[in-house]
Amino acid sequence: MARVRVAVLISGRGSNLEALIRHAVAADFPAEIALVISNVAGALGLRHAEAAGITTQVIEHRGKERAAFEAELDRALRAAGVELICLAGFMRLLTGEFVRRWADRILNIHPSLLPAFRGLDVHERVIAAGVRFTGCTVHFVRPEMDAGPIVGQAVVPVADGDTAETLAVRVLEAEHALYPLALRLVAERRAEVIGDVVRIRDAGPPDFGFRLNPAR
Ligand code: GRF
């Protein structure tokens with residue numbers, strides 16, 4: 001089967017991008033990273049893509065109307081024959097219009113167990129709330145920030161004495177395992193959006209401590 005052509009959108013460090021690239025080089029991975037776009041020139045993640053021989057493009061949002069920025073993004077994605085978009089630390093909100101144009105074809109990763117702790121400064125707020133478990137979520141994007149049908153989640157314990165920094169390291173490690181797994185499910189068309197939820201076909205038993213949406 002032809003591999004699904006994926007674009008990864010980044011704004012910075014790109015460690016999730018790196019994890020996706022690492023998995024996508026496997027011959028049996030159902031998706032290929034065809035394009036990496038950054039809205040920030042010089043983003044570190046661009047170097048990971050270049051090192052892997054992946055086409056990169058910088059489309060800056062600064063000094064542009066939102067509509068013009070998104071039109072440029074849309075043109076680049078279509079020109080590259082992209083079928084699926086992965087947001088990986090992409091720090092721009094996409095408009096409802098863009099999200100509808102790419103309906104159920106945009107994934108995002110967020111460093112909490114959604115719907116808890118949407119938005120920024122997640123780990124600080126997790127620690128302040130005193131919750132014992134946190135984690136990360138891969139979900140289909142909806143116009144509302146950090147909302148949309150959940151493909152997969154990974155649970156991470158919060159330790160006594162954790163700081164936002166130590167917790168971020170542990171959650172990031174889980175992100176790097178979860179995102180490739182979730183992308184695989186979507187690219188293999190085993191993750192189907194039904195209204196507000198995702199149904200996973202043949203999910204099998206949860207792997208290495210991760211909880212996918214349990215089969216319904
Ligand atoms: C990750 O924590 C991700 O969940 C959030 O932004 C961060 C991006 O990190 N959306 P990186 O650029 O992938 O290293």
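Trainee: Which residue has a side-chain N or O atom 2.7 Å from an oxygen atom of the ligand?

Mentor: One looks for polar contacts, that is, pairs of N or O atoms within 3.5 Å. Here the residue is Glu175. This is a predicted model, in which local features require pLDDT of at least 70 and side-chain atom pairs pLDDT 80 or more, whereas totals for chains, interfaces and linings use all residues. Residues are numbered from 1 along each chain as its sequence is written, and side-chain values use heavy atoms, without hydrogens or water.

Trainee: What distances separate ligand oxygen atoms from polar atoms of Gly14 and Ser15?

Mentor: For Gly14, a polar backbone atom is 2.8 Å from a ligand oxygen; for Ser15, a polar side-chain atom is 2.5 Å from one. The protein buries 84% of the 370 Å² that the ligand exposes when taken alone (Shrake-Rupley areas, 1.4 Å probe).

Trainee: How far does H6 reach from its first C-alpha to its last?

Mentor: One compares the span with 1.5 Å times one less than the residue count. H6, with 24 residues, reaches 33 Å, close to the expected 34 Å. Just after H6, Arg189 has a positive phi of about 60°.

Trainee: Which residues does the cis peptide bond with omega of about 10° join?

Mentor: That bond joins Leu114 and Pro115. Pro115 lies in the loop between E5 and helix H5 (122-129). Asp121 also lies in the loop between E5 and H5, and its phi is near 50°, a positive value in a non-glycine residue.

Conventions
Polar contact = N/O pair within 3.5 Å; in protein donor to acceptor, adjacent residues only side chain to side chain. Helix = DSSP H or I, 4+ residues; strand = E, 2+ residues; numbered from the N terminus.
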